[in-house]
Amino acid sequence: MVMPYVLIIVAFVVLLLISNIVMSFSTIDGKFTFENYKAIFTDNVFYKSVFNTCIWVFGSVAGQILLGLLIALLLTQIKRGQVFFRSVILILPWATLDIVAGVMWKWMYNDMYGVLNDILVKIGLAKDYIAWLATPKMAMLAVIIANIWKGFCLSGMFFIAGIQTIPQELYEAAEIDGANAYRRFWNVTIPQLKPVLITTLMFTIIWTINYFPLIYVMTGGGPNYGTETIVTYIYRLSLRFLEYNKAAALSNILFVIVFTIAYLFTRRMAKEVAA
Amino acid sequence: MRRSTKKKIMKTVSYIMLIFMSVVIAFPFVWLVLTSFKTYQQIYSYPIIYLPKNWTLEHYQKVSSLDFKSYFLNSVVVGVGTMIFSLLIGIFPAYAFSRYSFRFKSELLVSVLIFQMFPMVVFLVPMFKFLDWIKLLDTHIGLILAYIPFTTPITIVFLRSFFLSVPKSLEEAALIDGCNRTKAFLRVILPVTLPGIAAVGVYAFLFAWSELLYSMSLLTSKKLQTIPTFLSVFVGQYQTRWGPLFAGSVFATLPPLVVFILLQRYFISGLVSGAVKE
């Protein structure tokens, strides 16, 4: 019964992986070489993209987890209007196509005609119009904000699911013991939610490392490589500069990074599944 | 008494914050819809005009005249194909994972968990070469084939949890009544888990629906391309044609939005059992 899966998916993925590894050790005429890896490790843009990826992941994941947790806590407090709030807060950003989210935010960030600057100035949060996508630092902040909007709904759903499985008696017992809402949150919700938190953390970290369309649409990795992450750099190497072998080398490096993160997290999960 | 007033205050505060957040989170999309109904003069007006003065359909007409229908149909073909293949390939291992024990079970289960984390961009070039080699580059079936390794693992994770939630006694009863395994699966398990299966299928469909990287790299013929590629054409390096871009975006987002809202119960319960409990 598992054979079709093994034959089609596992074999296919292994084949692609091998193809990548072979390519990364080949010159253009197919001879064995280490040059591609050397080229990566002497490439300044590579280090920049690794650094950017760290910021991109840290900012997006922190934002998505916190916002997701807040929404989940609020949504589990209420009964009426659940469907409405879920639809607007969780489903709408999720259902928006990646490219649509990208262009939508790009237009809102427009320095002259963008609505964001107009609102910020009107409510007094900014003195002057901000050139969001023109400097590396602001551009990074801008794509992270857009990514938090696009991605927090998944952690929100994970947390809703997790909070719903916490037995109500624990809260009642804590309340009888005199714990206020703040203490109940730290001493009941958070410890009970820990497994969900860890799973969610893993998924969000990996998805954010892999997430490509938003940056591609909004900044294309610019300005001055300010938002170039590893994935956008691989894309640029392979489809813009046509340096397939170097792209393959970088792909393998990224693959090792993602695999290590996934392995560290899933080792725990797999043990529980097997048990 | 004190406790119930406290609860009431908590509830009111929750509603107020939720309403505030709904406004903030829905705003970008509302803004997109509003902009799609403005004339170019109003789109590029300074100071900004919030509500369109005279609503125009010119951008929607423009998008329709650019053969949006053909891109839409291509997206439907690729989406349905991805859905069918990932369900067909995924349903059997998912069932096996939920019911039987066999060699390499835990290794294969870990492979499922890890495969869903592969960065798509890592496989872009080998996928390109592979599809070129088997002469499926620039075909719908080739693109579907390229999506399957990314959609099937998550299909298996979800389906497995749906099957696990069906009590074994249900099948055993069917077996005692003279059904064989296949019949028991088709007559007992399948009907019970059908909503879940549908939700997973929709997930695979929408993955293909919104995927940009592979669709724009693997399909080069205009008449085969999908909606995300169509939209990406309006994004220029120096100038973006916002009007038609946003009109097309509204068209493209409506189907997933409606489907997700209708099926949200299953998605959330699928996530509960699929990725959270394990």
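Predicted model: local features only at pLDDT ≥ 70, side-chain atom pairs only at ≥ 80, totals over all residues.
Let me start with one residue, B:Lys69. B:Lys69 sits in helix H4 of chain B, which covers residues 68–99. If you look for B:Leu34, 35 residues away along the chain, its C-alpha atom is 22 Å from that of B:Lys69.

Now the helix itself. H4(B) has 32 residues, so at 1.5 Å a residue it should span 46 Å; the C-alpha atoms at its ends are 46 Å apart, in agreement. H4(B) does have a kink of about 30° at B:Gly90, shortly before the proline B:Pro93.

Next, the domains. Chain B is assigned domain 1, residues 2–43, and domain 2, residues 58–276. Their C-alpha centres are 31 Å apart. Where they touch, domain 1 of chain B supplies 7 residues and domain 2 of chain B supplies 8. On the domain 1 side, H1 and helix H2 (40–43) each give two or more residues, and H1(B) has the largest share, with 4 residues. By class, that side has 4 nonpolar, 3 polar and no charged residues.

Last, the two chains. How many residues of chain B are in contact with chain A? There are 70, and they meet 73 residues of chain A. Several helices of chain B give two or more residues to this side, including H1 (2–36), H4, H7 (140–164) and H12 (242–276). The chain B side that touches chain A has 55 nonpolar, 12 polar and 3 charged residues.

Notes: Residues numbered from 1 in each chain as written. Chains lettered and ligands numbered in written order. Expected span 1.5 Å × (residues − 1). Bend = angle between axes of the 7 residues up to and from the residue. Contact = placed C-beta atoms within 7 Å. Nonpolar A, V, L, I, M, F, W, Y, C, P; charged D, E, K, R; others polar. Domains from an automatic or database assignment.
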